[in-house]
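Colleague: I am new to this structure and would be grateful for a guided introduction. May I put some questions to you, one topic at a time?

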Amino acid sequence: MKKSLLILAIILCANIIYAQTEKGTLYISGSTMLDLSFDSQTFENGEKIENDITNISFIPSIGIFIIDNMVVGLDLLYTHAKEDPKDGVEMKETSFAIMPMVRYYIPMENDFRPFIHAGIGWIKWKADVDEGVEVDADGMVFGGGAGISYFVKDNISLDLGVNYIYSKKSGDFMGEDWDLKDSIMSITFGMSIFFN
């Protein structure tokens, strides 16, 4: 009898875990990145700037599972960064991005679910240089990464991931057009809620 109940409990738990990422489930997520890192930026003219960065980002997401284990939706990205370049000119940056995204959860039969994700969209960037100069630009952004979700409840997961974000922005600085390529690798921590 105990063996039968144990088998029934395992089957029910497996179905609950599967139901978290089944077709039609609504996905709402929020992640944050706190990044103390090194960044390398390359301008169109070949000039390269290396920076020590303090960066905090918030990434709310919403989506719907179009098939089992695959969600499509929209990521919003807000980032505030303070850069201390090697040349000594401090800069504060803010950026906002909107990216259609796709995330795929790798099926597992436990509370841990590895995932991969990617998105591409538009970014608006603004920088305040310590000499009182403001610079802004916009352009394309691509993001991707992988991680693992731990389902603490049937419809709530804690998420840990590694993200790569690449952007190419164009702007006008003191009457001159310029392009900026930027890439950032970071670790994210967040929480997701699944509504079926």
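The questions and answers below concern a predicted model.

Colleague: What is the order of the elements of the chain from the N terminus on?

Modeller: The model is predicted rather than experimental in origin. Its secondary structure comes to one helix and eight strands. From the N terminus on, the elements run α-β-β-β-β-β-β-β-β.

Colleague: What percentage of the residues of the chain count as buried?

Modeller: The chain exposes about 11000 Å², and carbon and sulfur atoms supply 66% of that area. A residue is called buried when its relative accessible area is under 20%. Of the 196 residues of the chain, the share that count as buried is 36%.

Colleague: How many salt bridges does the structure hold?

Modeller: Side chains of opposite charge can pair when their charged atoms come close. The cut-off applied here is a Lys or Arg side-chain nitrogen within 4 Å of a carboxyl oxygen of Asp or Glu. The number of salt bridges in the structure is three.

Colleague: Which strands hold aspartate 136 and lysine 124?

Modeller: The side chains of aspartate 136 and lysine 124 meet in a salt bridge, with an N to O distance of 3.3 Å. The two residues are 12 residues apart, and the pair links distant parts of the chain: aspartate 136 is in strand β6 and lysine 124 in strand β5.

Colleague: Is glutamate 134 buried or exposed?

Modeller: Glutamate 134 forms a salt bridge with lysine 126, their closest N and O atoms being 3.7 Å apart. Lysine 126 has a relative accessible area of 36% and is therefore partly exposed. Glutamate 134 has a relative accessibility of 52%, so this residue counts as exposed.

Colleague: Are aspartate 182 and lysine 169 buried or exposed?

Modeller: The side chains of aspartate 182 and lysine 169 meet in a salt bridge at 4.0 Å, N to O. Aspartate 182 lies in strand β8 and lysine 169 in strand β7, so the pair ties together parts that are 13 residues apart in sequence. As for accessibility, both aspartate 182 and lysine 169 are buried.

Colleague: With which side chain does the side chain of serine 167 make a polar contact?

Modeller: Serine 167 is found in strand β7. Its relative accessibility is 4%, so serine 167 counts as buried. Leaving out residues up to four places away in sequence, serine 167 touches several residues, including Leu180 and Asp182. The polar contact, at 2.6 Å, joins the side chain of serine 167 to that of lysine 169.

Colleague: What is the phi of asparagine 69?

Modeller: Asparagine 69 is found in the loop between β2 and β3. With 5% relative accessibility, asparagine 69 counts as buried. Most residues other than glycine have a negative phi. Asparagine 69 is not a glycine, yet its phi is positive, at about 75 degrees.

Colleague: Which residues are in contact with proline 107, leaving aside its neighbours within four places in sequence?

Modeller: Proline 107 lies in the loop between β4 and β5. A relative accessible area of 46% makes proline 107 partly exposed. With neighbours within four places set aside, the residues in contact with proline 107 are Asn69 and Arg113.

How values were computed: Residues are numbered from 1 along each chain as its sequence is written. This is a predicted model: local features need pLDDT of at least 70, side-chain atom pairs count only at pLDDT 80 or more; totals for chains, interfaces and linings use all residues. Side-chain values use heavy atoms; hydrogens and water are left out. Helices (H or I, at least four residues) and strands (E, at least two) are DSSP runs, numbered from the N terminus. Buried means under 20% relative accessible area, exposed over 50%, partly exposed in between (1.4 Å probe, protein chains only). Accessible areas come from the Shrake-Rupley method with a 1.4 Å probe; for residues, only the protein chains shown count as cover. Contact means heavy atoms within 4.5 Å. A polar contact is a pair of N or O atoms within 3.5 Å; within protein, one must be able to donate a hydrogen and the other to accept it, and residues adjacent in sequence count only if both atoms are side-chain atoms.
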